[in-house]
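Here is a short briefing for a first look at this structure. Keep the sequence and the 3D view side by side while reading.

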Amino acid sequence: MSNSPGLHPPGFISSECRGASLSSETIYPFPPSPTDCVEAHRVCSADPRCEALYRGLELCAADAAVSPLGERAAAECLERQDALLAKHPSLLACKCQRGFRKEEQCLRIYWRVRLLPGEDELEISPYDNTLMDTRMASLVAASSFMQLDGENQCLKAAQDCGLYEKCGSLRSEYVLACTKRVPSNNRCSQHKCHRALRRFLERVPEEYSFGVLFCPCTNNLCGERRRKTIVPSCSYQETDVPQPNCLRQQDSCRQDDLCRSRLADFLQNCQPSPLTASGCLRDSAGLCLRAYAGLIGTIMTPNYISNSSVDVSLSCNCDSSGNQWQDCLRLQRMFTHNTCLRNSITWMGSPGSLPADITPPPAPRPSPLVQEDELLSNNHLPEHNDIVEETEEEEDITQTDEEADEDDQFDVIPQYSERATISNLGSSVAGGAAPFTTGPPKPILLLLLLLSACLSWG
């Protein structure tokens, strides 16, 4: 039965239009990604009217950063915002990529078109997660080697990090930044410490960075190493300084585009729910772990509260909260009593609890240069570069490394000239130098054979 002209079954695409009409959804198995905010602004800047409205919003934001906008000023700014979004709605739908070179520029654009965001908007992530590995393939690669076999998994994760050049160098960089004292006040520079921590977490593959952050522990020695991973004496709380109120800390965070974005990402992706297997509303432990790690290096940096559990908290309290005490407690409990976050951290050490249909990718490997050095010597590389000056906190970690190295010595591979030669094939495993016991030299054997042959013929 033929269809009449102009009438086709649903989904039919004519042959002459097939090449031009295929949608991105047909070609790609993923939903289309939102427009990047930098690209959306580039399109806007080509239109003088759009660019003028956007510049006006930037002036409004600069005024609001100094003091709250008056009623009339706020109304004028919101009018500009509505006009801008009506002309270029892509600016409202755009998203950003975490860790990309233009991340901060992108986030600035994202928040400028949300000049006076409501509480609900402050809990929506500005990051594009549509193509993110929500099924945790790379995280399984890290967790699949974290078996609780009695070995100090946090020490092993630190050693693996040291074997990968980028991880080892950036880890040394943040340890140095977080332990170096400023001569004027004999304290660390928390700003530099946070910046170095963000560089480490953004540039090192998660197989390594998440290994040192979320390593599973069965004893307090391992738990203490895990707690000290981010050098909490500088990054988490400053010594001899009272803890701030959590709501005031949140307000300070929301004055900064990056911190505001990382907090919104956490509040969205680590929202707990009793209705999912993971305990997360988004049902993705991977997204929650990434969002939690994204807070490290901001004023909202969380950390483990002890060396005997996976419980975490912010470095703040709810004292002097007044009638906002419930709001403060809600923020605190997003870290201290969050089933989604707890399950996500626990799953990093229990790969058997992950969905069964996930196929772990190959184990993370060092770069070719490090592999070559490892094949030549197979000696244990130091956890930190020798140039790093350690405080008492880091000295405790180094002492732990030395004790572990004494218990688990690596076998040194012989140099090429010593391998499998005729002189050492008969060496005993323990003795090493005993050569083969050989018979008489070959010329003497030939002479004896000739003499015996002559005698037998004669």
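Which side chain meets that of Arg-342 in a salt bridge? The partner is Asp-311, with an N to O distance of 2.0 Å. The model is predicted. The points below start with this pair, then turn to other charged pairs and to one helix contact.

**The Arg-342 and Asp-311 pair**
- Arg-342 sits in helix α19, which spans residues 339-347.
- Asp-311 sits in the loop between β3 (302-304) and β4 (312-314).
- The pair therefore ties together parts that are 31 residues apart in sequence.
- Arg-342 is partly exposed, at 40% relative accessibility.
- Asp-311 is also partly exposed, with a relative accessible area of 22%.

**Other salt bridges**
- The whole structure holds 17 salt bridges.
- Side chains of opposite charge can pair when their charged atoms come close.
- Asp-47 has a relative accessible area of 22% and is partly exposed.
- Lys-87 is partly exposed too, at 41% relative accessibility.
- Glu-224 and Lys-228 also meet in a salt bridge, at 3.7 Å from N to O.
- Lys-228 has 10%, which is under 20%, so it counts as buried.
- Glu-51, Arg-55 and Glu-58 are linked in a network of salt bridges.

**Helices α3 and α4**
- Helix α3 covers residues 37-45, and helix α4 covers residues 48-66.
- The two helices pack at an angle of about 120°. Their axes are 7 Å apart.
- On the α3 side, His-41, Cys-44 and Ser-45 make the contact.
- On the α4 side, the contact residues are Cys-50, Glu-51, Tyr-54 and Arg-55.
- By type, the contact residues divide into three nonpolar, two polar and two charged.
- Glu-51 and Arg-55 take part in this contact, and both also belong to the salt-bridge network with Glu-58.

Conventions
Residues are numbered from 1 along each chain as its sequence is written. This is a predicted model: local features need pLDDT of at least 70, side-chain atom pairs count only at pLDDT 80 or more; totals for chains, interfaces and linings use all residues. Side-chain values use heavy atoms; hydrogens and water are left out. Axes are lines fitted to C-alpha atoms, for helices over the stretch in contact, and angles run from 0 to 180 degrees between N-to-C directions. Helices (H or I, at least four residues) and strands (E, at least two) are DSSP runs, numbered from the N terminus. Contact means heavy atoms within 4.5 Å. Ala, Val, Leu, Ile, Met, Phe, Trp, Tyr, Cys and Pro count as nonpolar, Asp, Glu, Lys and Arg as charged, and the others, Gly among them, as polar. A salt bridge is a side-chain nitrogen of Lys or Arg within 4 Å of a carboxyl oxygen of Asp or Glu. Buried means under 20% relative accessible area, exposed over 50%, partly exposed in between (1.4 Å probe, protein chains only).
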